[in-house]
Amino acid sequence: QHTSWFHSIMKVFITRRIPQEGMKILSQAGVCKVSLWDSDETVPRAELLKGVAGAHGLLCLLSDKIDTEVLDAAGPNLKVISTLSVGFDHMAMDEIKKRGVRVGYTPDVLTDATAELTVALLLATARRLPEGVVEVKNGGWSTWKPLWLCGYGLSGSTVGVIGLGRIGMAIARRLKPFGVKRLLYSGRTAKSYAAEVEGEYVPLDTLVSESDFVVVSCALTPETQGLCNKDFFIKMKNTAVFINTSRGAVVNQEDLYQALSSGQIACAGLDVTTPEPLPTDHPLLTLNNCVVLPHIGSATYSTRGIMAELSANNLLAGLQGTDMPSELKF
């Protein structure tokens, strides 16, 4: 006969090495036995299906596809999925809901870091920083020239934010002091809090055609998938700057390539792509007017540590049936 404590130790699978702050919380709690895919690289599909078998809890990343197959492999023990992200487009939410599995995520804690990176990417793209660095290193810098490496400034500009949620709002707050004249935003609903940044709620078409900077910070949903396509880029000014730090699939990359290579728009900065990583021979990477970063929106030491803590605490709460610090209600 097993003693009752044996049954109370629950099994948890973690799909990747996560910051120590998170691991520490789980090991000190003493309520679960952790098995970990001990690597900095993505868990192979077969290993994920094996690792999750019989698990009560799963801690995953945005690069792990949590679909019906994974849920089936986990089986009826599964109580909670905790993702180390604010986005949840990598999870089959309908299936998860059907099974009564709770979901934890990490909003708020990564808002500032992601907004900061978005501003950094916008400035680097608009003012051609990566090109400048290359010119210095390869001897392209000969003398001071009036029009060499000229770009576009924020002062007196119109900025359009697609998706004025937590991160969109944090981006708007940071951009306003640069002397932005008009701040437009579009999305499903007008937001009362937009008043703080004097945001004007406009139809998407208006935002796209009137903005000097178009910043995408919406969630990836069936409605936003492929939203930034040929028709979208045609409406943009040919001096406009396009920035995406949301999810790669919001953009049709072939259409973006055409828009950038034909001069339909001025330049683009992306922190997200499809797929991730973007193949090194991808056409976008041949363009001087496209800056691509490797999805580092929330990448500060402090933010990633706090995300790990939150995802660990979400996981524990789900295992123990208590209130979760950040539960995704759906």
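A word on the source: the model is predicted, local features need pLDDT of at least 70, side-chain atom pairs count only at pLDDT 80 or more, and totals for chains, interfaces and linings use all residues. Residues are numbered from 1 along each chain as its sequence is written, and side-chain values use heavy atoms, with hydrogens and water left out.

Let's start with the sheet. It is open and has seven strands, in the order β8-β7-β6-β9-β10-β11-β12, with parallel pairing. Strands here are DSSP runs of E, at least two residues, and helices are runs of H or I, at least four, numbered from the N terminus; two strands pair if DSSP finds at least two bridges between them. At the edges stand β8 (199–201) and β12 (290–292), each with a single partner strand, so one side of each has no neighbour in the sheet.

Now one pair in detail. Strand β6, residues 158–162, runs parallel to β7, residues 182–186, and five bridges join them. Within that pair, G160 sits opposite L184 of β7.

On to helix α7, residues 129–138, which holds V136. How exposed is V136? Its relative accessible area is 48%, so V136 counts as partly exposed, meaning between buried (under 20%) and exposed (over 50%), using a 1.4 Å probe and protein chains only.

Finally, the record: an unreviewed UniProt entry annotates residues 119–297 as "domain: D-isomer specific 2-hydroxyacid dehydrogenase NAD-binding", and such annotations may be inferred rather than shown by experiment. Over that stretch the chain is 28% helix and 16% strand, with the end C-alpha atoms 10 Å apart.
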